[in-house]
Amino acid sequence: MKNLLEEIELADQVGLDVFGLGEHHRPDYLVSSPATVLAAAAVKTKNIRLTSAVSVLSSDEPVRVFQQFSTLDLISNGRAEMMAGRGSFIESFPLFGYDLGDYDQLFSEKLDLLMAIRDEEVVTWTEGQLRPPINGHGVYPRPLQEKLPLWIAVGGTPQSVARAGALGLPVALAIIGGEYPRFAPLFHLYREAAQRAGNDPASLKTSINVHGFIADTTNIAADRFYGPQAAVMDRIGRERGWGPTSRAQFDAARGPTGNLFVGDPELVAEKIVAAHKVFGNDRFLIQMAIGLMPHDQIMRGIELYGTKVAPLVRKALTGSADGAKPAAKTG
């Protein structure tokens, strides 16, 4: 936990835009309550925005999620965001007493309620079958920001992408396998769904979220990242029936169109810019803390990301080193 807070503090110091924390309920992940850790980070940082990545909304309570992130917004002086998703693990469902068979309906209902709470101080909501109604109750505290930012995190499911567009919510697309250009049609679907629902696609923000690592040289980055990343993917693969990974597969995935963004600052910056040409995304989140990555290596990666990669990306996309900034996430 001490190391994680130091990493968030450094991300702020080197000018990164956003830091995200995932919610997990497994022995191999640290953070079960992103808002709690982000609140601790809020008092150590000044500018960086702080978000969940993601809050597993299906098995959580929308009132509490909103209250926690409103509190974070007050502590951070208006830097909080929420990223809601169904999550890539299922441990929270039996832990909190939910039926995994209700996976989709729980998320749909709770997202609808979370949006209602965000939009109105006093809430009347009777749309749910699984979540009981709320009849004219206030939800407090309210955030410092006029409207607490809410992103929807999606994988490769077209229905999830279309739902985000129809609701007029910004979308964060996780790319953890395959060649990244094959995910571009999902953003087209997102914008089409937004337009059909009467939402201006140009006003909706998008993000791509990837795995990657930055070091002083590409060989060092690849050698340091392969072992921990392969160990994590193999452990998850054993649970889900995937085959084991190999160095050859890893090296292919860090190629020009592969899903891994691993290398020296110049290579990673070039790949981020190339991906932007495919997606037109507003935000780029890279997860470097995969498995048992040593703290000093993560700190160096964050330093290079903020001081080398971000200026190169900003200059390429805006003509100025002060333009839009990449961001970091963990978990």
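Q: Where is K205 found?
A: K205 is found in the loop between α7 and β9. Helices (H or I, at least four residues) and strands (E, at least two) are DSSP runs, numbered from the N terminus. This is a predicted model: local features need pLDDT of at least 70, side-chain atom pairs count only at pLDDT 80 or more, and totals for chains, interfaces and linings use all residues. Residues are numbered from 1 along each chain as its sequence is written, and side-chain values use heavy atoms, with hydrogens and water left out.

Q: Why is K205 called partly exposed?
A: Its relative accessible area is 46%. Buried means under 20%, exposed means over 50%, and partly exposed is in between (1.4 Å probe, protein chains only). K205 therefore counts as partly exposed.

Q: Which residues does K205 touch?
A: K205 touches W151, P170, V171, Y190 and D282, leaving out residues up to four places away in sequence. Contact means heavy atoms within 4.5 Å. For L57, 148 residues apart from K205 along the chain, the C-alpha separation is 21 Å.

Q: How do you know how α6 and α7 pack?
A: Helix α6 covers residues 158–167 and helix α7 covers residues 184–196. Their axes are 7 Å apart, at an angle of about 35°. Axes are lines fitted to C-alpha atoms, for helices over the stretch in contact, with angles from 0 to 180 degrees between N-to-C directions.

Q: Which residues make the contact between α6 and α7?
A: P158, V161, A162, A164, G165 and A166 come from α6. L186, L189, Y190, A193 and A194 come from α7.

Q: What makes up the contact of α6 with α7, by class?
A: There are ten nonpolar residues, one polar residue and no charged residues. Ala, Val, Leu, Ile, Met, Phe, Trp, Tyr, Cys and Pro count as nonpolar; Asp, Glu, Lys and Arg count as charged; the others, Gly among them, are polar. G165 of α6 is in the contact, so it counts as polar.

Q: Which residues of α6 are buried, and what do they pack against?
A: S160, V161, A162, A164 and G165 are buried in α6. The buried residues of α6 pack against β7 (150–154), β8 (171–175) and α7. G168 follows α6, with a positive phi near 70°.

Q: How many aromatic pairs does a search of the whole structure find?
A: It finds nine.

Q: What makes F187 and F279 an aromatic pair, and of which kind?
A: Their rings are 5.4 Å apart centre to centre, with 70° between the planes. Rings of Phe, Tyr and Trp (its six-membered ring) pair if their centres lie within 6.5 Å; planes under 30 degrees apart count as stacked, over 60 as edge-to-face, and the rest as tilted. The F187 and F279 pair is therefore edge-to-face. F187 sits in helix α7 and F279 in helix α10 (residues 265–279), 92 residues apart. Both F187 and F279 are buried.

Q: Why is the pair of F213 and F225 called stacked?
A: The ring centres of F213 and F225 are 6.0 Å apart and the planes are at 0°, so the pair is stacked. F213 lies in strand β9 (residues 206–214) and F225 in helix α8 (residues 218–240), so the pair ties together parts twelve residues apart in sequence. F213 and F225 are both buried.

Q: Which residues form one aromatic cluster?
A: Y180, F187, F261, F279 and F284 do.

Q: Why does V232 count as buried?
A: V232 has 7% relative accessibility, so it counts as buried. V232 is in helix α8. Leaving aside neighbours within four places in sequence, V232 is in contact with Y29, I290 and G291.

Q: Is N77 buried or exposed?
A: N77 is exposed, with a relative accessible area of 61%. N77 lies in the loop between α3 (62–75) and β4 (80–85). Its phi is positive, about 60°, although N77 is not a glycine.

Q: What is omega for the cis peptide bond that joins Y140 and P141?
A: Omega is about 0°. P141 is in the loop between β6 (134–138) and β7. The peptide bond from A53 to V54 is also cis, with omega near 20°. V54 lies in the loop between β2 (49–52) and β3 (55–56).
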